[in-house]
Amino acid sequence: YFDTVTTIMGYTDSQEHFDQVCDGAITLMTHYHKLFDGYHGYGDMHNLWYLNRHAASAPVKVDDAMFSLLSRCKEMQAVHEKVNIAMGSVLILWHNARDTGTLPDADMLSAAAQHTDFSCVVLDPENKTVFFTDPALQLDLGAVAKGFTAEMLADYFYQEMPSFLISLGGNIYAGDPP
């Protein structure tokens, strides 16, 4: 998931319980992996790929996890300005360059950089919709999706198997001692 290694360790009364909890964790990771994937669509799931293709035309209804992550990013962007998830139009050029083995064109990078203003992402908490006021804006959740998913997994583990240790691509959470 998320092109990285995930490690789960847990302490519980039985192997059966551990396996059951891990099956639930895999279901969660699969969901979040698909939800935050900007490169593939998954049926009628309104994931990041779908959002980047449709949110400039009309508000897109998203699931609770997507809305929660985008809302957190909006709050943090206003305070820290260090991580901008609206850099997708630039990052996709670098992604494509990696696939072709050539550097992206400087003029294309400059043009794409004009469409990275996160304030152009309009979140409607009442309807859980996302709208882009800049039609060329693209989101990229690569800097935040693993950490958010690790937090969601930790919440799940605390409920199902409180003595755990998870590592999702360097995002590490430790539960209660066994």
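Which residue in strand 4 is the bridge partner of Val122? In this predicted model, the partner of Val122 is Phe131. The protein chain holds six helices and six strands, and 38% of its 178 residues count as buried.

**Overall fold**

- Read from the N terminus, the elements of the protein chain follow the order β-α-α-β-α-α-α-β-β-α-β-β.
- The C-alpha trace of the protein chain spans about 60 × 45 × 35 Å along its principal axes.
- Among contacts in the protein chain with a separation of 6 or more, 58% involve residues 24 or more positions apart.

**The hairpin of strands 3 and 4**

- Strand 3 (residues 121-124) and strand 4 (residues 129-132) run antiparallel and are joined by four bridges.
- The two strands form a hairpin with four residues between them. In the turn, Lys128 has a positive phi of about 55°.
- The side chains of strand 3 alternate along its length.

**The largest pocket**

- The largest pocket has a volume of about 600 Å³. It is lined by 23 residues, of which Asp37, Gly38, Tyr39, Asp140 and Gly142 are the closest to its centre.
- Helix 2 (48-54), helix 4 (88-100) and helix 6 (145-160) each contribute at least two residues to the lining of the largest pocket.
- Helix 4 provides the largest share of this lining, with five residues.
- By class, the lining of the largest pocket comprises nine nonpolar, eight polar and six charged residues.

**The second largest pocket**

- The second largest pocket has a volume of about 270 Å³. Among its 14 lining residues, Arg72, Cys73, Met76, Val83 and Val144 are the closest to the centre.
- Helix 3 (64-80) and helix 6 are the elements that give two or more residues to the lining of the second largest pocket.
- The largest share of that lining, six residues, comes from helix 3.
- Seven nonpolar, three polar and four charged residues make up the lining of the second largest pocket.

**Cysteines**

- The structure contains zero disulfides. Cys73 is in no disulfide, and the nearest cysteine sulfur, that of Cys120, is 16 Å away.
- Cys73 counts as buried because its relative accessibility is 11%, under the 20% cut-off. Cys73 is also one of the residues closest to the centre of the second largest pocket.
- Cys22 likewise counts as buried, because its relative accessibility is 11%.

- Tyr173 is located in strand 6 (residues 171-174).
- With a relative accessible area of 27%, Tyr173 is partly exposed, because this value lies between the limits of 20% for buried and 50% for exposed.
- Leaving aside residues up to four places away in sequence, Tyr173 touches Ala150, Glu151, Ala154, Phe164, Leu165 and Ile166.
- Tyr173 and Glu151 are 22 residues apart in sequence, and their C-alpha atoms are 7.7 Å apart in space.

Technical notes
Residues are numbered from 1 along each chain as its sequence is written. This is a predicted model: local features need pLDDT of at least 70, side-chain atom pairs count only at pLDDT 80 or more; totals for chains, interfaces and linings use all residues. Side-chain values use heavy atoms; hydrogens and water are left out. A disulfide is a pair of cysteine sulfur atoms within 2.5 Å. Buried means under 20% relative accessible area, exposed over 50%, partly exposed in between (1.4 Å probe, protein chains only). Two strands pair if DSSP finds at least two bridges between them. On a 1 Å grid over the protein atoms alone, a cavity is a set of points where a 1.4 Å probe fits but cannot get out, and a pocket is an open set with protein on both sides within 12 Å along at least five of seven lines; lining residues have an atom within 4 Å of a point. Grid points are joined across faces, edges and corners, and a volume is the space filled by probe spheres set on the points. Ala, Val, Leu, Ile, Met, Phe, Trp, Tyr, Cys and Pro count as nonpolar, Asp, Glu, Lys and Arg as charged, and the others, Gly among them, as polar. Contact means heavy atoms within 4.5 Å.
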